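Trainee: I have a model open and want to learn to read it. Where do we start?

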Amino acid sequence: MTPDPAWRPTRRRPGGTPVTVVVDGRPLPAAPGDTVAAVMMLAGASFRRDRDGGPRAPLCNLGACFECAATVDGRPLTRTCLTPVREGMTVETRERR
Amino acid sequence: MTFDLAVVGAGPAGMAAALAAADRGLRVVVVDEQQRAGGQIFRRPPPSRDTAFRPSAGYAWAAGLIRRFDSDTRLTKRFGWSAVGALYDDDRPGVLELAVDRPGDGLRVIAARRLLIATGAYDLPVAFPGWTLPGVVMAGGAQTLVKAQHIAPVGDVVLAGAHPLLLLVADKLMREGVTVREVAFAQGVPKPAELVRALGAVPGHVRMLAEAGGIVAGLVRSGVRLSTRTVVTAAEGADRLSRVRLARLDRSGRTTGPARAVEAAHLVLGYGFSPSTDLARQLGCDLRWASARGGWVVAHDERLRTSVPHVLVAGEPSGVAGADHARAQGTLAGLVAAAELGHPVPAPAFAAARRAVRRAARFATVVQRLFAPDREALGRLATPDTLICRCEAVTRADLDACLAASPFISGVNALKLSCRAGMGPCQGRYCESGVASVLAAARGRHIGLGGSFAAHLPIRPVPLGDLRALDPDASGDRPGGDETPPGP
Ligand SMILES: Cc1cc2nc3c(=O)[nH]c(=O)nc-3n(C[C@H](O)[C@H](O)[C@H](O)COP(=O)(O)OP(=O)(O)OC[C@H]3O[C@@H](n4cnc5c(N)ncnc54)[C@H](O)[C@@H]3O)c2cc1C
Ligand code: FES
């Protein structure tokens, strides 16, 4: 179940040719230039969980905190807030660290 | 190929340095892990959806600087690459090897004769109960999500902290139709509005505060509650934030009375900035403690040379002082690099650059004094159960237990080794200030005496296989070797 997204598009967000990224098996629509983190936030997707199972979400959006980290195209600990979307990109949040 | 100058960071400092150096004939490479130049203050939407760049009022030079940087074909630019460390090559004295990494491309090495650390700053982390809950976001994060990624929070927002950036973010959110419930400042009287007015009287006051004056008036008109001497003591909710608790601070910086609850879906935190000094640390540059300038800053001489040969620093890592100052230092650093490498720099050019730095520094000092974080008071916000190290899930109680068990621990590095705080993927950037506060409180010693976390290559997590590229003995072919990394 996905909770209601806590983020929405602003007026300035363009349409453009959509791109699809697959996050934990779920295809999510994205716009060119989006970061993976922004796409996930818009979709209400969950990010990593800490070792007690607690949910986490992007905190700094500038690459410092690693709360947005996920396995992107097989590379673990990739900061999704720094990563622009690419068609067919796969993102796994349930990495064991 | 060997560059004359490698610049890490394409903010105001890095851009100005690169252009000044290239103007003097240096071959310059600029590396930034963001996708575009501008740094944190001028973070831009992706090129595919770019509209004309409108810098915040007062930074009239920004558009010109960015345009010049973007269109300069002399510069080699590497966006999306993170600098993960630098090494000296014994076989090539006077040459530094900067290791850079990009997901999908792996690790490469850039050789350069001078290195400029222009890595900027990030929001100062402050630990308190519930700060790991989704819904809590740093002020810079909220700002850049709206401004560069075009997404806005749904539901009511509370902003809390101690830095005027909060006002800018509150204004940005309201313009997007977001409901801002309250903006809470930890400072007491003078109230933010009075502060802003007072600063307006300072000649050449920092522009951000000029803007803030109008914003305060607007917020008050829209019925947003603006509170002073108020801190957030807890973020609460099941899987997401639903409520924040705000408490009054007394004159000694201690919370008084019961905390009041405010329903909110998002909490935006802005306590100021921490300089990004990890690359400087990895290189062994001396740091010094300067609380009002962000904490640990990179020591340098008046030519911006660090304690490590061939390594210069400009912008926030030399002490947080804002965009005007960062740009001025960048220009000076570019000229210094040129002069050191034997390119003629006329004395008047130097003198003008030095004057610009001094002028910007004067104004920065006023702001620093007014908004210096009360680290002791902020440190007290962490309760025993509060996670100080978010990555490794180390609580304040864990740290206190370590400290009680090992009475000889007197520095943050020893504490890190004994209880793992600071060993996670963020490499301590988000817990160093919290760990230092706990240590200082437990030992009753000044926070600056606890030292700083050491940084080692790689300063960002890099897959193990990629690191082999750095080992000269591993095999004959080092991926990327001495080459410059391919463009984006
Ligand atoms: C989120 C945020 C918002 C801010 N907003 C304002 C504002 O509205 N008004 C104001 O006056 N000040 C603001 N500031 C203060 C700001 O620090 C300065 O005004 C100005 O941006 C400093 O310029 P700089 O060149 O020193 O660093 P920055 O602009 O921070 O640039 C540093 C650059 O270095 C890059 N970098 C860092 N480490 C690495 C690495 N290892 N590898 C590759 N690249 C790296 C970063 O991606 C960044 O682009 C803000 C700061 C932050 C953090
Ligand atoms: S949100 Fe902090 S690193 Fe991405």
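Trainee: In what order do the elements of chain A run from the N terminus on?

Mentor: Helices (H or I, at least four residues) and strands (E, at least two) are DSSP runs, numbered from the N terminus. Chain A reads β-β-β-α-β-β-β. The radius of gyration of chain A is 13 Å, close to the 13 Å of the globule rule for 97 residues, so chain A is as compact as a globular protein of that length. That radius is taken over C-alpha atoms, and the rule is 2.2 Å times the number of residues to the power 0.38.

Trainee: What conventions apply?

Mentor: This is a predicted model: local features need pLDDT of at least 70, side-chain atom pairs count only at pLDDT 80 or more, and totals for chains, interfaces and linings use all residues. Residues are numbered from 1 along each chain as its sequence is written, and side-chain values use heavy atoms, without hydrogens and water.

Trainee: What share of the 97 residues in chain A is buried?

Mentor: Buried means under 20% relative accessible area, exposed over 50%, partly exposed in between (1.4 Å probe, protein chains only). In chain A, 58% are buried.

Trainee: How do I read contacts in chain A?

Mentor: A contact has heavy atoms within 4.5 Å. Take those in chain A between residues at least 6 apart in sequence: 42% join residues at least 24 apart.

Trainee: What is the mean pLDDT of chain B?

Mentor: pLDDT is the predictor's confidence in each residue, from 0 to 100. Chain B averages 90, with 89% of its residues at 70 or more. Residues 475–488 of chain B fall below 50, yet this stretch has 33 contacts in the model beyond near neighbours in sequence.

Key: Chains are lettered from A and ligands numbered from 1 in the order in which they are written.
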